[in-house]
Amino acid sequence: MIIQAARWAGPLDAYLIPALDGIAYGLLLFVAASGLVFCFGVANILNLAHGTLYAIGAYTAAAVADGGWATLLLALGVGVVAAAGAGGLLAGLLAPVARRDHLTQALLTFGVALAGGSLLVTAFGPDNLPIKIPAALDGSVAVAGHRYATYRLVFIGVAAVIALLLYLAVTRTRAGMLVRAAVDDADMVACLGVSPARIRLGVLAAAGALAGAAGVLGAPIIGPGPGAADTVLLLSLVVVVLGGLGSVLGTLLAALAVGEIQTLGVALAPTAAPFLLFAAMAAVLAVRARGLPGRLRTGLRLRLRSTA
Amino acid sequence: MTPAGADGVTSAGADSVNPADRRWLVRAGAGAVVVAGVAVPWLVDEYTTSIFARTLVLGLVGVSVALLTGVAGLPTLGQTGPFAAGAYGCAVLGMHTSSVGVVQLLTGAAVGALFAALTVPLVVYARGVVVLMITLAIGELTVTAASRWRSVTGGSDGLAGMPAVRPFWGMAVLDSDRARYLYTLVVVGVVVCVVLVVLRTPAGMLLRASRDDEGRMRASGHPVTGYLAMAYVAAGAVAGTAGSLLVTAQQYVSPADFGFDVSALLLLGVVIGGAASVGGAIAGTALVVAVRDWLSGLLPGHAPLLLGGLFVVTAYLFPRGVAGLSAEVASLLRSRSRSRSRSRPGSLGGPDVSQAAARSEVNA
């Protein structure tokens with residue numbers, strides 16, 4: 001039956017594994033980028049240290065996980081808490097410049113990213129670290145006649161659950177309601193008595209937790225190393241541009257598209273993949289004509305006031 | 001946002017002290033800088049001269065960043081894109097076709113402008129922090145493309161072995177670090193003068209007006225998006241010219257020259273220089289590059305940590321740059337001396353039209 005399925009797939013068969021990889025990669029990006037979307041959409045902060053939060057999670061996985069289930073769970077807990085703490089710290093650092101322009105905030109978060117990346121390299125060394133995963137996940141399974149890494153298949157399932165939980169949290173809970181309200185009209189939310197500082201702290205800690213979870217679980221896919229933070233930040237930014245703000249579904253679709261471009265696109269046309277990301281961004285921005293959704297743009301109509 | 005009103009007042013006050021004295025000071029300072037710039041290769045060794053040449057090149061990219069960030073109001077982290085495009089275009093041209101400097105500079109400018117023209121629709125509809133995000137993605141994707149497109153760019157190994165450049169047909173080739181530095185200095189000087197002259201024309205005024213009050217400009221029938229698109233393409237041409245100079249100055253080009261850290265350094269330099277000031281952009285970029293090199297010599301391996309600290313300190317202490325800081329200090333001193341005769345000047349009120357106009361004046 002597997003053989004039949006393979007024959008039925010015909011010429012597409014060779015691209016089945018890259019396409020499946022694309023889903024895993026896309027879901028990883030979704031978990032990582034949704035934190036950035038929250039930072040940006042809710043607290044209006046361009047967090048250039050977001051990739052570093054991911055790297056904290058990934059390095060935790062390399063340091064804590066030793067191939068057993070217990071240590072994997074421990075790594076997940078430690079990574080989420082550490083990255084959430086780093087996010088909270090970032091919120092504290094941002095508090096004094098909260099009323100300044102966004103350039104200042106971008107410089108600050110970039111400085112934190114630079115320093116944090118340097119500290120991580122000092123602590124864990126300049127090499128890409130190997131990740132030990134439980135033996136049961138270390139093999140491969142047959143998918144339509146191909147061997148496919150068990151871990152990635154399980155990761156797809158786990159990340160899908162995280163995506164579903166996130167969707168439910170945003171649409172069904174009080175915190176999610178606050179998030180949606182702040183995306184729509186942050187000033188009105190502040191008028192209603194919700195402290196912007198508390199929102200900032202909560203959002204950055206939640207973003208850190210998501211990035212940390214993505215880092216621990218995604219370490220076998222985008223491993224801990226000096227380049228991980230940059231890669232995750234760049235791809236998350238593209239996801240934010242493609243998916244817009246305030247919609248979990250938009251972020252999910254954008255992340256899956258970027259994941260497919262990064263895997264299936266590379267398999268089909270190795271040199272064209274970065275241009276494909278450009279083309280996707282250009283196409284989406286052209287269709288929307290105004291970049292991010294209009295109702296957000298009014299909120300983001302920011303003038304640069306730093307001119308002397 | 002609220003703090004802008006107060007800033008408009010302070011910096012407007014600093015600009016209107018006594019314009020004649022200030023202009024004279026600026027001219028004297030610029031003259032001293034030019035003399036020092038020409039004298040540099042005779043004062044330091046060859047290696048330091050080549051570092052100065054590279055710093056000047058980055059300063060020119062800083063000018064293009066200031067043009068967008070400060071003058072047009074589009075804060076950018078992506079000018080490494082046209083910078084890289086100009087550099088690679090010029091390197092390929094230098095290896096296969098022409099080693100004449102003027103041809104290479106024009107090619108670099110054209111490639112940079114073309115790059116900007118292709119990415120215009122991504123940038124000009126967005127504002128503020130969204131532009132930062134999109135331009136960052138553009139810059140990073142350009143570097144990724146440069147390291148993947150091996151057949152043209154040599155991948156992450158980069159391109160080397162370009163023949164030495166002759167500035168003009170029939171002139172001698174630039175075969176020493178001193179000659180390459182002076183060539184870079186002359187080109188940067190010419191481009192900066194062109195930018196300053198253009199900013200003094202109505203074109204520059206329209207751009208600053210679009211930045212200060214887009215709604216009013218649109219209401220008066222000005223195609224603001226078109227102005228921004230033109231500014232973006234012009235800044236791309238400036239960055240592309242800098243790319244061409246980079247190839248001449250270091251005779252080597254690789255994706256590492258255009259990384260994320262370079263974009264961020266440029267933005268930091270421009271912010272320190274006062275965002276809208278062309279001279280400040282070069283000075284700020286040079287300062288940041290010098291501090292980076294000094295730190296990496298001082299503490300090998302820990303430079304990024306200290307540099308990150310520098311970013312944080314800058315964000316806290318001088319959000320308006322060193323130029324802004326000196327203006328604030330000056331206005332603080334003045335308001336104290338004035339408050340003896342009158343009660344406090346209206347530093348809490350919003351900016352009126354003349355103050356806004358004074359604020360948007362470009363400091364050379």
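Chain B of this predicted model contains 16 helices and two strands. Among the contacts in chain B that join residues at least 6 apart in sequence, 78% link residues at least 24 apart.

Chain A has 14 helices and two strands. Of its 308 residues, 52% are buried. For contacts in chain A between residues at least 6 apart in sequence, 77% join residues at least 24 apart.

**Helix pairs**

| Pair | Residues | Angle | Axes |
|---|---|---|---|
| H4(A) and H5(A) | 69–94 and 102–124 | about 140 degrees | 11 Å apart |
| H4(B) and H5(B) | 80–96 and 101–123 | roughly 140 degrees | within 8 Å |

Angles over 145 degrees count as roughly antiparallel and those from 65 to 115 degrees as roughly perpendicular. H4(A) and H5(A) are therefore oblique to each other, and their crossing is right-handed. On the H4(A) side the contact is made by Leu90(A), Leu93(A) and Leu94(A), and on the H5(A) side by Gln105(A), Leu108(A), Thr109(A) and Val112(A). Five of these contact residues are nonpolar, two are polar and none is charged.

In chain B, H4(B) and H5(B) are likewise oblique, given their angle of roughly 140 degrees. The crossing of H4(B) and H5(B) is right-handed. H4(B) contributes Gly81(B), Pro82(B), Ala85(B), Gly86(B), Gly89(B), Cys90(B), Leu93(B) and Gly94(B) to the contact. The residues from H5(B) include Gln104(B), Thr107(B), Gly108(B), Ala109(B), Val111(B) and Gly112(B), with Phe115(B), Ala116(B) and Thr119(B) also taking part. The contact of H4(B) with H5(B) holds eight nonpolar and nine polar residues, and no charged ones.

**Two helices of 15 residues**

Helix H3 of chain A covers residues 50–64 and has 15 residues. From its first C-alpha to its last, H3(A) reaches 22 Å, close to the 21 Å expected at 1.5 Å a residue. H3(A) is mostly covered, with 13 of its 15 residues buried.

Helix H14 of chain B, residues 303–317, also has 15 residues, which at 1.5 Å a residue should span 21 Å. The end C-alpha atoms of H14(B) are 21 Å apart, so the span agrees with that expectation. The buried residues in H14(B) are Pro304(B), Leu307(B), Gly308(B), Leu310(B), Phe311(B), Val312(B), Thr314(B) and Ala315(B). What covers these buried residues includes helix H12 (260–273) and helix H13 (278–298) of chain B, together with H5 of chain A.

**A residue in H4(A)**

Thr71(A) is found in helix H4 of chain A. A residue is buried if 20 or more other C-beta atoms lie within 10 Å of its own, and exposed if 12 or fewer do. Thr71(A) has 16 other C-beta atoms within 10 Å and is therefore partly exposed. Leaving out residues up to four places away in sequence, Thr71(A) touches Val64(A), Ala65(A) and Asp66(A). Thr71(A) and Leu27(A) are 44 residues apart in sequence, and their C-alpha atoms are 23 Å apart in space.

How values were computed
Residues are numbered from 1 along each chain as its sequence is written. Chains are lettered from A and ligands numbered from 1 in the order in which they are written. This is a predicted model: local features need pLDDT of at least 70, side-chain atom pairs count only at pLDDT 80 or more; totals for chains, interfaces and linings use all residues. Axes are lines fitted to C-alpha atoms, for helices over the stretch in contact, and angles run from 0 to 180 degrees between N-to-C directions. Helices (H or I, at least four residues) and strands (E, at least two) are DSSP runs, numbered from the N terminus. Angles under 35 degrees count as roughly parallel, over 145 as roughly antiparallel, 65 to 115 as roughly perpendicular and the rest as oblique. A crossing is left-handed if the near helix is turned anticlockwise from the far one by less than a right angle, and right-handed if clockwise. Two residues are in contact if their C-beta atoms, placed from the backbone, lie within 7 Å. Ala, Val, Leu, Ile, Met, Phe, Trp, Tyr, Cys and Pro count as nonpolar, Asp, Glu, Lys and Arg as charged, and the others, Gly among them, as polar. The expected span of a helix is 1.5 Å times one less than its number of residues.
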